[in-house]
Amino acid sequence: MKHRLSTCLFLLVIALTAQAATNINFSSDEKHWVGTWATAPMLSGDNNNPPHPGLANNSLRQIVQVSIGGDMVRLKLSNHFGNSPVEIKGIELALAKTAGSSSEVDEGTTTPLYFDGKKQVTIPAGAMVVSDPVAFSITNRQNVAITIHYGQASSSSVCGHPGSRTTSYLASGNTSTFASAAKTDHWYHILALEVEQTEEYGCVAVLGNSITDGRGSTTNQQNRWTDEMSRHLLDNEATAKIGVLNLGIGGNCVLGGGLGPSAVSRYQRDLFEQEGVKWIILFEGVNDLGGAADGNQTARRIIDTWRQIIRQAHAKGIRVFGATITPFKNNSYYSTNHEAGRKRINEWMRTTKMLDGVIDFAKAVCSPTDEEALDRKYLFENDWLHLNAEGYKVMGNAVDPALFTQTGPLADDDETDEEEVQGLWIEAESLQNGTYGQHFTLHNDPMASGGHYLETVRNNTSFSNNDGDILMADFALETAGTYYIYARVNCPSWDDDSYFVSMDNGSWDMVNGLFTGGAWEWKQIYKGSLKEGSHRLGIAGREDGALLDKLCITTSATPPITMGGAPTAIRTTENRLPTQPAAIYDISGRSVSASQAHHGLFIIHLSDGSTKKVMK
């Protein structure tokens with residue numbers, strides 16, 4: 001009896017233990033991908049293209065220094081800005097012996113990469129590829145060599161990152177010998193290196209310009225301020241599992257006009273398409289201010305852009321920190337007007353309730369006697385804009401690790417935008433009816449105004465008067481003047497970034513170069529003097545794959561930033577009916593008598609969904 005009782009108790013203990021095991025939360029052991037290194041892609045440009053012998057049928061060794069370690073990795077490669085496919089015959093990873101000052105690697109660590117089980121892969125123009133996961137152990141801040149063996153590849157239209165601050169090695173043929181290789185301080189095609197880690201790991205993505213990209217840091221010493229911040233975080237036990245991704249581009253602007261794709265057009269890809277991002281740092285705007293006609297107006301538009309990014313980040317559960325713009329007095333960028341814009345942005349960052357934290361770089365590196373200028377000891381080449389390695393170390397150490405240990409709710413999103421552009425707003429989908437625009441495809445997208453956009457699906461290299469390829473908008477102006485028409489477009493490559501545009505039944509002119517790199521951005525498609533009264537805008541498809549979301553008709557010389565205002569109840573499309581007597585209605589709804597002779601009756605479809613009958 002005792003034996004049987006003991007057996008029952010033993011089985012009961014086993015059962016209870018098994019039941020308890022099913023209730024244990026193993027989330028800390030779940031794995032996900034986290035970025036350990038990344039760079040912002042752009043078109044390399046003539047001055048930064050690969051040197052002789054070029055990429056085609058040759059081998060390129062590039063070195064990166066990761067932020068956090070792991071035992072499983074994968075590599076992302078980009079051809080976002082290339083105009084032709086890139087053929088890769090093979091790629092190997094290896095631990096590098098230096099941070100870029102030599103091409104030497106630890107040969108025993110050489111590990112080939114595969115793509116869907118194959119060594120070869122072709123990256124289409126405008127696309128990205130991701131390698132299969134591979135066992136490859138790296139530790140924090142370790143140097144990794146990425147050796148690419150190319151097949152056919154352009155050396156004149158190359159997706160890369162010019163400001164690598166790291167030497168790459170280009171050798172002839174399919175080789176692993178780089179002793180006599182050509183040297184170039186640029187990266188090509190590599191986009192991100194990711195490690196598989198447990199859920200408590202995450203990374204911070206930094207959006208910036210040349211100060212983040214590292215101008216003034218030391219080539220092959222990996223001492224940008226983001227590198228110094230990474231070391232600072234790794235030294236703190238509470239933040240030792242955080243990767244740092246540098247998405248700075250030298251000469252970049254938030255709003256447009258600088259080098260590389262503007263921040264407003266690239267942030268979706270460069271921030272939100274990174275793996276494992278839990279935090280974002282916004283540190284950009286000095287190039288916009290330096291070239292601004294009105295510093296305060298530019299500051300307002302930058303702040304509206306930051307608000308837009310913050311709201312999208314918070315919707316994804318990502319915290320956003322603002323970094324104040326560093327001083328630039330004594331640089332050619334400086335004027336009292338531009339300084340007013342810098343102060344406006346910095347004051348907003350210090351006081352807004354939208355940001356989850358502030359990193360006050362401006363105070364950390366300013367002169368002790370003049371807050372509008374950099375401290376002399378941090379100057380790089382005395383340009384009073386960029387910092388030297390000592391200054392970048394101060395910046396990296398100025399980032400408080402406590403920002404990354406917050407556990408409370410995200411900051412408030414309820415702050416009014418300062419949209420300065422006033423005008424008429426037209427949803428693209430409202431221009432599509434039974435007559436016009438039937439060769440455009442309607443798509444749903446929560447990132448589009450009204451949740452919809454139109455895609456051009458036919459290539460028309462020369463204009464063809466086909467109503468199916470044309471969108472028509474009839475609108476009325478209360479005053480004459482110079483008017484700008486902006487289109488909110490998403491043109492992902494150079495082969496799908498143009499339309500034909502006509503005003504008042506005039507000639508159809510090609511509007512090209514609307515490339516946005518796969519993000520929604522406002523682009524100017526028309527500028528001209530228009531009289532008071534009625535006008536007709538025509539937009540015709542030219543290249544397939546171009547996406548059109550919304551139009552803005554305004555007197556503002558600067559484009560909108562956000563999704564713009566509510567659709568205006570203006571005439572947008574018309575269908576001719578048989579001539580018959582009727583009253584005429586203008587845009588204000590006033591009634592005017594009209595005779596029957598030589599007039600046609602039109603049904604005017606308004607963007608608010610209603611219609612009016614109009615004699616013309």
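Helices (H or I, at least four residues) and strands (E, at least two) are DSSP runs, numbered from the N terminus. The model in these views is predicted, so local features need pLDDT of at least 70 and side-chain atom pairs count only at pLDDT 80 or more, while totals for chains, interfaces and linings use all residues. Residues are numbered from 1 along each chain as its sequence is written, and side-chain values use heavy atoms, with hydrogens and water left out.

**View 1. The second largest cavity, with strand S15 and helix H4 in its lining.** Rolling a probe the size of a water molecule over the atoms shows where empty space is left. Here the search runs on a 1 Å grid over the protein atoms alone: a cavity is a set of points where a 1.4 Å probe fits but cannot get out, and a pocket is an open set with protein on both sides within 12 Å along at least five of seven lines. Lining residues have an atom within 4 Å of a point. Grid points are joined across faces, edges and corners, and a volume is the space filled by probe spheres set on the points. The second largest cavity holds about 70 Å³ of space. Its lining is made by Pro41, Lys76, Met128, Leu191, Ala192, Arg269, Asp270, Glu273 and Gln274. At least two of the lining residues come from S15 (190-198), and at least two from H4 (263-272). The lining has 4 nonpolar, 1 polar and 4 charged residues (Ala, Val, Leu, Ile, Met, Phe, Trp, Tyr, Cys and Pro count as nonpolar, Asp, Glu, Lys and Arg as charged, and the others, Gly among them, as polar).

**View 2. The largest cavity, about 180 Å³ of space.** Across the whole structure, the search finds 4 cavities of 30 Å³ or more. Around the largest one stand 21 lining residues, and Trp37, Ala38, Arg224, Asp227 and Asn246 lie nearest its centre. Strand S1 (31-38), helix H3 and strand S17 (242-248) are the elements that give two or more residues to this lining. S17 gives the most, with 4 residues. By class, the lining of the largest cavity divides into 6 nonpolar, 11 polar and 4 charged residues.

**View 3. The largest pocket, with a volume of about 460 Å³.** Look for Ser262, Ser265, Phe515, Glu521 and Lys523, which lie nearest the centre among the 30 lining residues. Strand S2 (42-43), H4, helix H6 (295-315), strand S25 (481-490) and strand S28 (521-530) each supply at least two residues of the lining. S28 gives the most to it, with 4 residues. The lining of this pocket has 16 nonpolar, 10 polar and 4 charged residues.

**View 4. Helix H4 against helix H6.** Two packed helices are described by the angle between their axes and the distance between the axes. Axes are lines fitted to C-alpha atoms, for helices over the stretch in contact, and angles run from 0 to 180 degrees between N-to-C directions. The axes of H4 and H6 cross at roughly 30 degrees and come within 11 Å. That makes H4 roughly parallel to H6 (angles under 35 degrees count as roughly parallel, over 145 as roughly antiparallel, 65 to 115 as roughly perpendicular and the rest as oblique). Val264, Tyr267, Gln268, Leu271 and Phe272 of H4 make the contact with Thr305, Gln308, Ile309, Gln312 and Ala313 of H6 (contact means heavy atoms within 4.5 Å). These contact residues divide into 6 nonpolar, 4 polar and no charged.

**View 5. Helix H6 against helix H7.** H6 and H7 (residues 336-351) pack at an angle of about 30 degrees, with axes 7 Å apart. H6 is therefore roughly parallel to H7. Among the residues in contact are Trp306 and Arg307 of H6 and Arg344 and Trp348 of H7. By class, this contact has 9 nonpolar, 4 polar and 3 charged residues.

**View 6. Helix H3 against helix H9.** H3 (residues 225-234) and H9 (residues 389-397) pack at about 45 degrees, and their axes are 7 Å apart. The two helices are therefore oblique to each other. Trp225, Glu228, Met229 and His232 in H3 meet Tyr392, Lys393, Met395, Gly396 and Asn397 in H9. The contact has 4 nonpolar, 3 polar and 2 charged residues.

**View 7. Backbone details at Pro53 and Glu381.** Most residues other than glycine have a negative phi, and most peptide bonds are trans. The peptide bond from His52 to Pro53 is cis, with omega near 15 degrees. Pro53 sits in the loop between S2 and strand S3 (59-65). Glu381, a residue other than glycine, has a positive phi near 50 degrees. You can find Glu381 in the loop between helix H8 (361-365) and H9.
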